[in-house]
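Have the model open as you read.

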Amino acid sequence: MSDHDGREAQQYAMAAAYRVHPGSFDELKGPDGSVRPHWRMLLDQVQLLGNSELGRRWDRARHLIHENGVSYNVYGDPNGLERPWSLSPVPVLIRPEDWAPIRIGLSQRARLLDALLADLYGPQRCLLDGSLPPELVFPNPWFLRACHGQNVPRGAWLPLYAADLVRGADGS
């Protein structure tokens with residue numbers, strides 16, 4: 001271990017015990033085991049909070065998730081649909097230059113899904129022109145026939161959108 005690595009381990013006690021899984025890209029630590037620069041400010045703040053305060057805040061967050069029934073659906077899961085929202089006590093940080101193309105893609109996908117919902121609950125052009133088979137829509141239990149022709153606030157059919165992000169071993 002270099003002198004720099006030793007200082008960093010002391011500075012970021014939380015990261016010292018953290019081990020990188022071989023053969024994978026790690027968001028927190030670089031290939032040499034050092035904390036990535038864009039994580040340092042967050043780790044400084046977490047360390048200032050201390051384990052007790054971080055634990056208290058984490059317990060409070062989990063309580064609020066449970067109390068408010070925040071959940072998500074796992075489609076196709078035989079064990080049931082709704083699960084409590086999974087939340088990490090420390091968020092994953094993504095560098096702005098990595099986030100920019102992701103943001104563009106996620107925004108584009110959200111606009112597409114919103115437009116598709118607006119069409120399905122409105123004029124249904126995608127069904128009429130054959131670009132979407134009706135047998136994928138009408139038998140689906142999550143398609144709400146009673147909402148056809150309804151107006152939604154601000155015309156937004158997709159008020160909430162979530163996506164999972166995964167990096168390849170090379171970081172892409």
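Does R154 count as buried or exposed? At 82% relative accessibility, R154 counts as exposed, since the cut-off for that class is over 50%. Keep in mind that this is a predicted model. R154 sits in the segment after α6 (134–137), and its phi is near 55°, a positive value in a residue other than glycine. That deserves a second look because most residues other than glycine have a negative phi.

Q124 has a positive phi too, near 55°. Its place is the loop between α4 and α5 (125–128). With 16% relative accessibility, Q124 counts as buried, because the limit for buried is under 20%.

**The overall layout**

Stepping back, the chain has six helices and two strands. Read from the N terminus, the elements go α-α-α-β-β-α-α-α. Of the 172 residues, 18% count as buried. The accessible surface comes to about 12,800 Å², with 58% of that belonging to carbon and sulfur atoms. As for contacts with a separation of 6 or more, 49% are between residues 24 or more positions apart.

**Inside: cores and rings**

Which residues make up the largest nonpolar core? There are eight: L120, Y121, C126, L127, L132, V137, F143 and W157. Apart from that core lies another one of seven residues, including Y12, A15, L28 and V90.

Ignoring neighbours within four places in sequence, Y121 is in contact with W142, F143, L144, C147, H148, G149, Q150 and W157.

Now for the rings. A search of the whole structure turns up three aromatic pairs. One of them is Y121 with F143, which is stacked: 4.9 Å centre to centre, with 15° between the planes. Why does this pair tie together parts that are 22 residues apart in sequence? Because Y121 lies in the loop between α4 and α5, while F143 lies in the segment after α6. Both Y121 and F143 are buried.

F143 also pairs with F138. Their ring centres are 5.6 Å apart and the planes meet at 80°, so this pair is edge-to-face. Y121, F138, F143 and W157 form one aromatic cluster.

How do the burial classes work out for the residues with a stated relative accessibility? Here they are side by side:

| Residue | Relative accessibility | Class |
|---|---|---|
| F143 | 11% | buried |
| Q124 | 16% | buried |
| F138 | 28% | partly exposed |
| W85 | 45% | partly exposed |
| R154 | 82% | exposed |

**Outside: a nonpolar patch**

Back on the surface, which residues form a nonpolar patch? They are V70, Y72, W85 and L87, and together they have about 340 Å² of accessible area. W85 is found in the loop between β2 (82–84) and α4 (96–120). Its relative accessibility is 45%, so W85 counts as partly exposed.

Technical notes:
Residues are numbered from 1 along each chain as its sequence is written. This is a predicted model: local features need pLDDT of at least 70, side-chain atom pairs count only at pLDDT 80 or more; totals for chains, interfaces and linings use all residues. Side-chain values use heavy atoms; hydrogens and water are left out. Patches are made of residues with over 30% relative accessible area and no salt bridge: like charges are joined within 9 Å, nonpolar side chains (Val, Leu, Ile, Met, Phe, Trp, Tyr) within 5 Å. Accessible areas come from the Shrake-Rupley method with a 1.4 Å probe; for residues, only the protein chains shown count as cover. A salt bridge is a side-chain nitrogen of Lys or Arg within 4 Å of a carboxyl oxygen of Asp or Glu. Helices (H or I, at least four residues) and strands (E, at least two) are DSSP runs, numbered from the N terminus. Buried means under 20% relative accessible area, exposed over 50%, partly exposed in between (1.4 Å probe, protein chains only). A nonpolar core is a set of buried Ala, Val, Leu, Ile, Met, Phe, Trp, Tyr and Cys residues joined through side-chain atoms within 4.5 Å. Contact means heavy atoms within 4.5 Å. Rings of Phe, Tyr and Trp (its six-membered ring) pair if their centres lie within 6.5 Å; planes under 30 degrees apart count as stacked, over 60 as edge-to-face and the rest as tilted.
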